[in-house]
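Please review the fold and the packing of the chain shown below. The briefing is arranged by topic.

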Amino acid sequence: MSYTCNIDFPYIAPIDEFLSMLESYGSPTILSYKNIGPAGGNPNFTLQFDSLQKITNFLNDFYPESSDDPEFIDSLIQQI
């Protein structure tokens, strides 16, 4: 079983820090990358993780302001 999420990557964040962050969560598969995301701004990544715990921990770290809102984090995760 695997899990996916779509994230908007802020232009102000260094890409090498983002890639290092992905490595620390088991190097999830990057299923897609769009230079201009759906809202017309930030790049958008679709990531695939092999465990619910890894994707949840990653999203809590990526969105620290929402880490105390499990409903928000859960809304970002799709099981495939």
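The points below cover the overall fold, the sheet, and the packing of helices.

This is a predicted model, in which local features need pLDDT of at least 70 and side-chain atom pairs count only at pLDDT 80 or more, while totals for chains, interfaces and linings use all residues. Residues are numbered from 1 along each chain as its sequence is written, and side-chain values use heavy atoms, with hydrogens and water left out. The chain contains 3 helices and 4 strands; helices (H or I, at least four residues) and strands (E, at least two) are DSSP runs, numbered from the N terminus.

**Overall fold**

- Along the sequence, the elements follow the pattern β-α-β-β-α-α-β.
- The chain is as compact as a globular protein of its length, because its radius of gyration of 12 Å is close to the 12 Å that the globule rule gives for 80 residues. The radius is taken over C-alpha atoms, and the globule rule is 2.2 Å times the number of residues to the power 0.38.
- Taken along the principal axes, the box filled by the C-alpha atoms is roughly 30 × 25 × 20 Å.

**Sheet**

- An open sheet is formed by 4 strands in the order β2-β3-β1-β4, with antiparallel pairing; two strands pair if DSSP finds at least two bridges between them.
- The edge strands, each pairing on one side only, are β2 (29–34) and β4 (78–79).
- Strands β2 and β3 (residues 44–49) run antiparallel and are joined by 5 bridges. In this part of the sheet, Y33 stands opposite F45 in β3.
- Strands β1 and β3 are antiparallel, with 6 bridges between them; T4 stands opposite Q48 in β3.
- Strands β1 and β4 are also antiparallel, joined by 2 bridges, and Y3 stands opposite Q79 in β4.

**Helices on the sheet**

- Helix α1 lies across β1 (3–8), β2 and β3, and runs at about 15° to β3. Axes are lines fitted to C-alpha atoms, for helices over the stretch in contact, and angles run from 0 to 180 degrees between N-to-C directions.
- Helix α2 packs on the sheet and touches β1 and β3, its direction making about 15° with that of β1. Contact means heavy atoms within 4.5 Å.

**Helix–helix packing**

- The axes of α1 (residues 15–24) and α2 (residues 52–62) come within 10 Å and cross at roughly 150°.
- In the contact, F18, M21 and L22 of α1 meet F58, D61 and F62 of α2. These residues divide into 5 nonpolar, no polar and 1 charged, where Ala, Val, Leu, Ile, Met, Phe, Trp, Tyr, Cys and Pro count as nonpolar, Asp, Glu, Lys and Arg as charged, and the others, Gly among them, as polar.
- M21, in helix α1, touches F58, D61 and F62, not counting residues up to four places away in sequence. The C-alpha atoms of M21 and F58 are separated by 8.1 Å, although these residues are 37 residues apart along the chain.
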